[in-house]
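Hi there,

Here is the structure I promised to pass on. Please have a look at it first, and then read my notes below.

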Amino acid sequence: MKAGSEKHCTAPQCVSGWMDDMKKNRDFIKNITLFSQFGLSLVTPLLMCMLACWWLTSHAGLGTWVYLPGFVLGLGGSGTFAYRSYLTVIKREEKDKNEKKREKVSFNKHI
């Protein structure tokens, strides 16, 4: 085929293929967004605790021992978030599973 003589497909099969590609892209972007949000939510409690420890050592005159409890508390906050996220995912999967199992039954009224 010569360049410029390409035909554009407007058949329903081409449109449905294009829509499938768009759906895959949307799912990919959704997953990347959730993954980055999850990562930030895990790191933020630890960073906040370390920032508080730095402030306590520099302004309040406490020793560097403050970093150890701060680190443990930060990990605890991150672990709590991870556990809650896990429970949310499990509930969502159970809900989807139950919806797929349930078949819609319709009844006709006969007089």
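Of the 111 residues in the chain, 5% count as buried, where buried means under 20% relative accessible area, exposed means over 50% and partly exposed lies in between (1.4 Å probe, protein chains only). Please keep in mind that this is a predicted model, in which local features need pLDDT of at least 70 and side-chain atom pairs count only at pLDDT 80 or more, while totals for chains, interfaces and linings use all residues. Residues are numbered from 1 along each chain as its sequence is written, and side-chain values use heavy atoms, with hydrogens and water left out.

The overall picture

The chain has two helices and zero strands; these are DSSP runs, with helices being H or I of at least four residues and strands E of at least two, numbered from the N terminus. The accessible surface is about 10,400 Å², and 64% of that belongs to carbon and sulfur atoms (Shrake-Rupley method, 1.4 Å probe). A contact means heavy atoms within 4.5 Å. Among contacts between residues at least 6 apart in sequence, 50% join residues at least 24 apart.

The cysteines

How many disulfides are there? The count comes to zero, a disulfide being a pair of cysteine sulfur atoms within 2.5 Å. The sulfur of Cys49 has its closest cysteine sulfur in Cys53, and because the two are 6.6 Å apart, they are too far for a bond. Cys49 is partly exposed, at 21% relative accessible area, whereas Cys53 is buried, at 4%.

A buried serine

Ser78 lies in helix α2 and counts as buried because its relative accessibility is 9%. Leaving aside residues up to four places away in sequence, Ser78 touches Leu42, Pro45 and Leu46.

The largest pocket

About 370 Å³ of space lies in the largest pocket. A pocket here is an open set of points on a 1 Å grid over the protein atoms alone, where a 1.4 Å probe fits, with protein on both sides within 12 Å along at least five of seven lines; lining residues have an atom within 4 Å of a point. The volume is the space filled by probe spheres set on the points, which are joined across faces, edges and corners.

Helices α1 (12–59) and α2 (67–101) each supply at least two lining residues, and α2 gives the largest share, eight residues. The lining includes Leu34, Phe38, Tyr86, Arg92 and Glu93. By type, the lining divides into six nonpolar, four polar and two charged residues (nonpolar: Ala, Val, Leu, Ile, Met, Phe, Trp, Tyr, Cys and Pro; charged: Asp, Glu, Lys and Arg; polar: the others, Gly among them).

Best wishes
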